[in-house]
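Take a moment to look it over, and then read on.

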Amino acid sequence: MNLGRARVLALATLVFGTLFVISYSATNGFVARAQNMGERTVTGTVLDSASNPVLGATVFLKNQKSKTIRSFTSLTNGHFHFAQVNKADDFDLWAEKDGKKSEVKTVSSWDERAQFVTELRLK
């Protein structure tokens, strides 16, 4: 790789940060590839309309691409917790109990936080 290509590679790496790895090959030229961005935890509290914690609500975490769904039953303090959530994927997050449902929130792959913390309010 000559000095000009090295400068382009360095600049591209600065621009794309941790989201892409820029590599050069004689056959394909410069190629951007998504990095393995690791995992995060998704946690929070399920609340009723009066802001009281809800025990026994089912919290759903749905992968937008694969459509797989994980679930967690909220604890006495309304708390829920999902570990090992892939940062490279987008997820829908919501809670349900007794015919009431929270708004659907998005856990975005563009959000770099290692811990996604939120409240889900049943309506």
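Buried residues make up 30% of the 123 residues in the chain, where buried means under 20% relative accessible area, exposed over 50%, and partly exposed in between, with a 1.4 Å probe and protein chains only. This is a predicted model, in which local features need pLDDT of at least 70 and side-chain atom pairs count only at pLDDT 80 or more, while totals for chains, interfaces and linings use all residues. Residues are numbered from 1 along each chain as its sequence is written, and side-chain values use heavy atoms, with hydrogens and water left out.

How far can you trust the picture? The pLDDT, the predictor's confidence in each residue from 0 to 100, averages 83 over the chain, and 71% of the residues score at least 70. Over residues 8–23 the pLDDT is below 50, although this stretch has 30 contacts in the model beyond near neighbours in sequence; a contact means heavy atoms within 4.5 Å. Where pLDDT is low, the predicted coordinates should not be read in detail.

Now for the layout. Among contacts between residues at least 6 apart in sequence, 49% join residues at least 24 apart.

Strand 3 (residues 39–47) and strand 10 run parallel, joined by seven bridges; two strands pair if DSSP finds at least two bridges between them. Thr41 has Gln115 of strand 10 as its bridge partner. Gln115 sits on the uncovered face of strand 10 (residues 115–121) with Val117, Glu119 and Arg121, whereas Phe116, Thr118 and Leu120 make up the covered face.

Finally, the aromatic rings. Rings of Phe, Tyr and Trp (its six-membered ring) pair if their centres lie within 6.5 Å; planes under 30 degrees apart count as stacked, over 60 as edge-to-face and the rest as tilted. By this rule there are three aromatic pairs. Phe72 and Phe82 form an edge-to-face pair, 6.2 Å centre to centre with 65° between the planes. Ring pairs link Phe72, Phe80 and Phe82 into a cluster.

| Residue | Relative accessibility | Class |
|---|---|---|
| Phe72 | 23% | partly exposed |
| Phe82 | 2% | buried |

Technical notes: Helices (H or I, at least four residues) and strands (E, at least two) are DSSP runs, numbered from the N terminus.
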